[in-house]
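Hello,

I am passing a structure on to you, and I hope you enjoy looking through it. Please open it first and keep it beside you while you read.

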Amino acid sequence: MVPVGFPPTQKKIEVNAMNFYRISNGQISEEYGQPDMLGLLQQIGAIPKA
């Protein structure tokens with residue numbers, strides 16, 4: 001699904017994320033990631049920088 005209301009910018013971006021891993025029996029059994037969406041939106045100009 002593509003968000004509506006903000007045109008493409010063709011800008012290159014860099015997004016940091018924090019990942020959490022659950023280890024079970026010495027193997028990764030689950031992984032959750034949380035990207036920095038605020039930083040992404042600021043980089044493309046969708047919202048102003050603080």
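Below are some notes on what was found, from the overall form down to single residues.

A word on the ground rules first. This is a predicted model, in which local features need pLDDT of at least 70 and side-chain atom pairs count only at pLDDT 80 or more, while totals for chains, interfaces and linings use all residues. Residues are numbered from 1 along each chain as its sequence is written, and side-chain values use heavy atoms, with hydrogens and water left out.

**Overall form**

Helices (H or I, at least four residues) and strands (E, at least two) are DSSP runs, numbered from the N terminus.

The radius of gyration of the chain is 16 Å, whereas a compact globule of 50 residues would be near 10 Å. That radius is taken over C-alpha atoms, and the globule rule is 2.2 Å times the number of residues to the power 0.38. Along its principal axes, the C-alpha trace spans about 45 × 25 × 15 Å.

Of the 50 residues, 6% count as buried. Here buried means under 20% relative accessible area, exposed means over 50%, and partly exposed lies in between (1.4 Å probe, protein chains only). The chain exposes about 4800 Å², with carbon and sulfur atoms supplying 58% of that area. Accessible areas come from the Shrake-Rupley method with a 1.4 Å probe, and for residues only the protein chains shown count as cover.

Among contacts with a separation of 6 or more, 29% are between residues 24 or more positions apart; contact means heavy atoms within 4.5 Å.

**The two strands**

Strand E1 covers residues 17–24, and strand E2 covers 27–35. The two run antiparallel and are joined by eight bridges; two strands pair if DSSP finds at least two bridges between them. Tyr-21 has Glu-31 in E2 as its bridge partner, and Ser-24 stands opposite Gln-27 in E2.

What does Asn-25 do in the hairpin of E1 and E2? With two residues between the strands, Asn-25 takes a positive phi near 55° there, and Asn-25 is a residue other than glycine. Asn-25 counts as exposed because its relative accessibility is 80%. The C-alpha atoms of Asn-25 and Val-15 are 31 Å apart, although the two residues are 10 apart along the chain.

**Side chains**

How many salt bridges does the structure hold? There is one, formed by Arg-22 with Glu-30, whose closest N and O atoms are 2.5 Å apart. A salt bridge is a side-chain nitrogen of Lys or Arg within 4 Å of a carboxyl oxygen of Asp or Glu. Side chains of opposite charge can pair when their charged atoms come close. Arg-22 is partly exposed, at 47% relative accessibility, and Glu-30 is partly exposed too, with a relative accessible area of 28%.

Met-18, Phe-20 and Tyr-32 make a nonpolar surface patch of about 360 Å². Patches are made of residues with over 30% relative accessible area and no salt bridge: like charges are joined within 9 Å, nonpolar side chains (Val, Leu, Ile, Met, Phe, Trp, Tyr) within 5 Å. Phe-20 lies in E1 and counts as partly exposed because its relative accessibility is 47%.

**Before E1**

At 73% relative accessibility, Gln-10 counts as exposed.

Pro-7 also has its place in the segment before E1, and is exposed, with a relative accessible area of 57%. Pro-7 and Ile-44 are 37 residues apart along the chain, with their C-alpha atoms separated by 9.9 Å.

Best wishes, and happy exploring!
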